[in-house]
Amino acid sequence: MKGTCRALGGIVLVLGIIGTLVLAIAGGKTASVDYSMYSGVGVEYHRSWLLTFGYLIGGGLTTAFASTVFFALAEILDDLESVKYLQSEMMENIHEMQVNASNKSDSSNAEGESNFRGNDSAGAGSIYGFSGSGGWTCPECNRKNRSFDSSCVCGYYKG
């Protein structure tokens, strides 16, 4: 899609420049019509430089704006692709950290120590929804989730 936007921006730019020049050359002339009973109808064309420059400036600005829109869309799509890649990398890292923390928690629970994410005397475990009741363990990846989470990061949906 971003390649299409870049191509469209280039096409609009080239065709806009050509169209602006043609319009300025053809449309920058004014016609004066003379009618005489003896010589008939006479038409004379004169270049109106003000009109010619008006067409050049108007067409040039319109072409620049239209092509800039397409090039900007291409850049936005490119940035979104980068964000999507970074988001997937971040989610993989988070999942890996949670699995590692879960494995540490399982080993510490076997030794009779604290709950997942810590359940210290200040009650930090309750901040994350693990204290007492309501927390649930995913049957797919054994990750401990908060009571209000409806799905696990592995994709499993609770109940």
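1. The model is a predicted one, in which local features need pLDDT of at least 70 and side-chain atom pairs count only at pLDDT 80 or more, while totals for chains, interfaces and linings use all residues. Residues are numbered from 1 along each chain as its sequence is written, and side-chain values use heavy atoms, with hydrogens and water left out.

2. Overall architecture. Three helices and four strands make up the secondary structure of the chain; helices (H or I, at least four residues) and strands (E, at least two) are DSSP runs, numbered from the N terminus. Along the sequence their order is α-β-β-α-α-β-β. Of the 159 residues, 17% count as buried, where buried means under 20% relative accessible area, exposed over 50%, and partly exposed in between (1.4 Å probe, protein chains only). Among contacts (heavy atoms within 4.5 Å) between residues at least 6 apart in sequence, 37% join residues at least 24 apart.

3. The β1-β2 hairpin. Strand β1 (residues 29-36) pairs with strand β2 (residues 40-47) in the antiparallel sense, over eight bridges. For two strands to pair, DSSP must find at least two bridges between them. The two strands form a hairpin, with three residues between them.

4. L56 is located in helix α2 (residues 49-110), and T20 in helix α1 (residues 2-27). Beyond residues up to four places away in sequence, L56 touches T20, L21 and A24. The C-alpha atoms of L56 and A24 are separated by 5.8 Å, although these residues are 32 apart along the chain. With its neighbours within four places left aside, T20 is in contact with Y55, L56, G59, G60 and T63.

5. The structure holds two aromatic pairs. One of them is formed by W49 and F53, which are tilted, at 6.1 Å centre to centre and 35° between the planes. Rings of Phe, Tyr and Trp (its six-membered ring) pair if their centres lie within 6.5 Å; planes under 30 degrees apart count as stacked, over 60 as edge-to-face and the rest as tilted. W49 and F53 both lie in helix α2, four residues apart, or about one turn of the helix. W49 counts as exposed because its relative accessibility is 55%; F53 is partly exposed, with a relative accessible area of 47%.

6. Aromatic pair W136-Y156. W136 and Y156 form a tilted aromatic pair, with 6.5 Å centre to centre and 50° between the planes. This pair links distant parts of the chain, as W136 is in strand β3 and Y156 is in the segment after β4, 20 residues apart. W136 counts as buried at 11% relative accessibility, while Y156 is partly exposed at 29%.

7. Charge over a ring. R47 lies over the face of W49, at 5.8 Å from the ring centre. A charge sits over a ring if NZ of Lys or CZ of Arg is within 6 Å of the ring centre and within 35 degrees of the ring normal.

8. Cysteines. How many disulfides does the structure hold? There are zero disulfides in the structure, a disulfide being a pair of cysteine sulfur atoms within 2.5 Å. C138 is in no disulfide, and its nearest cysteine sulfur, that of C154, is 3.6 Å away. C138 counts as buried because its relative accessibility is 1%. C5 also counts as buried, at 7% relative accessibility.

9. Backbone at N142. N142 is found in the loop between β3 (136-137) and β4 (144-145). The phi angle of N142 is near 65°, a positive value in a residue other than glycine. N142 is partly exposed, with a relative accessible area of 47%.
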